[in-house]
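Please read it alongside the sequence and the coordinates shown here.

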Amino acid sequence: MDKKVQINRKRLIQRLDELAQIGALDGGGVSRLTFSDADKAGRDLTVSWMKALELTVHIDQVGNLIAVRPGEEDLPPVMLGSHVDTVTVAGRFDGSYGVLCALEVVQVLNENNIATRRPIAVVAFTNEEGVRYTPGMLGSMAYVGELSVSDARAIQGFDGSNFGEEMDRIGYAGSMEPGAIKPHAFVEIHIEQGPVLDQADLPVGVVHTITGITWLEVTITGTANHAGTTPINLRKDAGLAAAKLIEFLRDIATSIGGQQRATCGMIAFEPNAINVIPSKAVLTVDLRNSDGQALIAAEQRLQARAKELETSDGVTITIRDLEHVLPMKFDPLIVDAIGQSTKELNLPAHRMVSGAGHDAQLLAKMCPTAMIFVRSRDGISHNPAELSSPEDLEKGANVLLQTALNLANQD
Ligand code: GLV
Ligand code: MN
Ligand code: MN
């Protein structure tokens, strides 16, 4: 292994800047929702970079992009990558950084004529964010065989659009079967999106565990009535029941404690008028915990509270599953390989848990997997203010490069 090779920071930052111009929002930030025109343009640019590096680009039936650099031997590849879709109002690093670091690894190997025993595959998974279509991490879920192509194609988005039709519309329904290229190992680099590294003043971290995620859609049905004439004790107020349920989410998080998180990120009232008691409230719930038992307990408590509210508030409540992803412990050998690369680069190898979901937690079901995190300033993410310093981005990318070289030369 040649330890002298280094990634090109300037080029990495330039690519991040260029990709961030696609779907750029007035006032800062980017928006490339899955299969939007901006997502298509972001994909087009990513594919053009893949082709410029002489990679063989495959597109699978759910739109995952897999670009392969051959190895000296015809063995399963070391896969590197992340996603290029974003949340509605996003920063420029979430996902994109992981894909562009993977491209940078390939470019450095190409420039230095470094052959690896195993191929290296660069991947950009479809719909990691789950903001337009649930489940999130959809591309990786299909890749590991947990979601069929036909089920994926039938998904209806929050905006009423159809996943399959939109994929066809932007021209990214490929022919390859998801998961056809089974990796030797998968390494995803990503910004931390939380405060741990920033608070500890560390540039990078080694992720050994990812949180479990439960996404639910709660529909509360009451009765629309006049806001002025309906006595308080005669109301079936779906809005009030929604408020009570949202407050209970915080109680769940504080009483379970530890890594438990609970969030309502979306809500819609019907008929949504100033002088009408809401007849309907539809809200989303995001529950997370790296302890799977605690995560199940959190969901059970939410269901029990919903039953109570049906009685106390005279409403009916239905809860629909949108996504259940179990917590994932990564392969200790890949975690150690990343830790070793970190040490070789004289960086501290801080081991940590991810509170965000990542494609890596699905890939871990298919092959040995782990992640590298890079410090996020003030821990801010899913926000245009998302920021990691060029120095930290470079350090993380070099950890990825060394790890990829080590793994790609393994038996
Ligand atoms: C993805 O960003 C998630 O953790 O929801
Ligand atoms: Mn991400
Ligand atoms: Mn994200």
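This is a predicted model: local features need pLDDT of at least 70, side-chain atom pairs count only at pLDDT 80 or more; totals for chains, interfaces and linings use all residues.

Residues are numbered from 1 along each chain as its sequence is written, chains are lettered from A and ligands numbered from 1 in the order in which they are written, and side-chain values use heavy atoms, with hydrogens and water left out. Local features need pLDDT of at least 70 and side-chain atom pairs count only at pLDDT 80 or more, whereas totals for chains, interfaces and linings use all residues.

- β3 and β4 run parallel and are paired over 6 bridges; two strands pair if DSSP finds at least two bridges between them.
- From β3 the chain passes through α3 to β4 in a right-handed β-α-β crossover, meaning that, with the strands pointing away from the viewer, the path from the first strand over the helix to the second runs clockwise.
- β3 is also parallel to β5, to which 3 bridges join it, and Val78 stands opposite Ala185 in β5.
- Because 6 of the 6 residues of β3 are buried, this strand is largely enclosed by the rest of the structure; buried means under 20% relative accessible area (1.4 Å probe, protein chains only).

- His83 belongs to strand β3 (residues 78-83) and His190 to strand β5 (residues 185-191), so the pair ties together parts that are 107 residues apart in sequence.
- Both histidines, His83 and His190, are buried.

**Manganese ion (ligand 3)**

- The protein donors here are Asp94 (OD), Glu129 (OE), Glu129 (OE) and His382 (NE2), lying 2.0 to 2.4 Å from the manganese ion (ligand 3).
- Along the chain, these donors follow the spacing D-x34-E-x252-H.
- Asp94 bridges the manganese ion (ligand 3) and the manganese ion (ligand 2), which are 3.6 Å apart.
- Asp94, in the loop between β3 and α3 (96-111), and Glu129, in the loop between β4 (120-125) and α4 (138-143), are 35 residues apart and link distant parts of the chain.
- Asp94 counts as buried at 5% relative accessibility, and Glu129 counts as buried at 7%.

Terms used
Helices (H or I, at least four residues) and strands (E, at least two) are DSSP runs, numbered from the N terminus. Buried means under 20% relative accessible area, exposed over 50%, partly exposed in between (1.4 Å probe, protein chains only). Donors are N, O and S atoms within 2.8 Å of the metal (3.2 Å for Na, K and Ca); water is not among the atoms, so sites may look incomplete.
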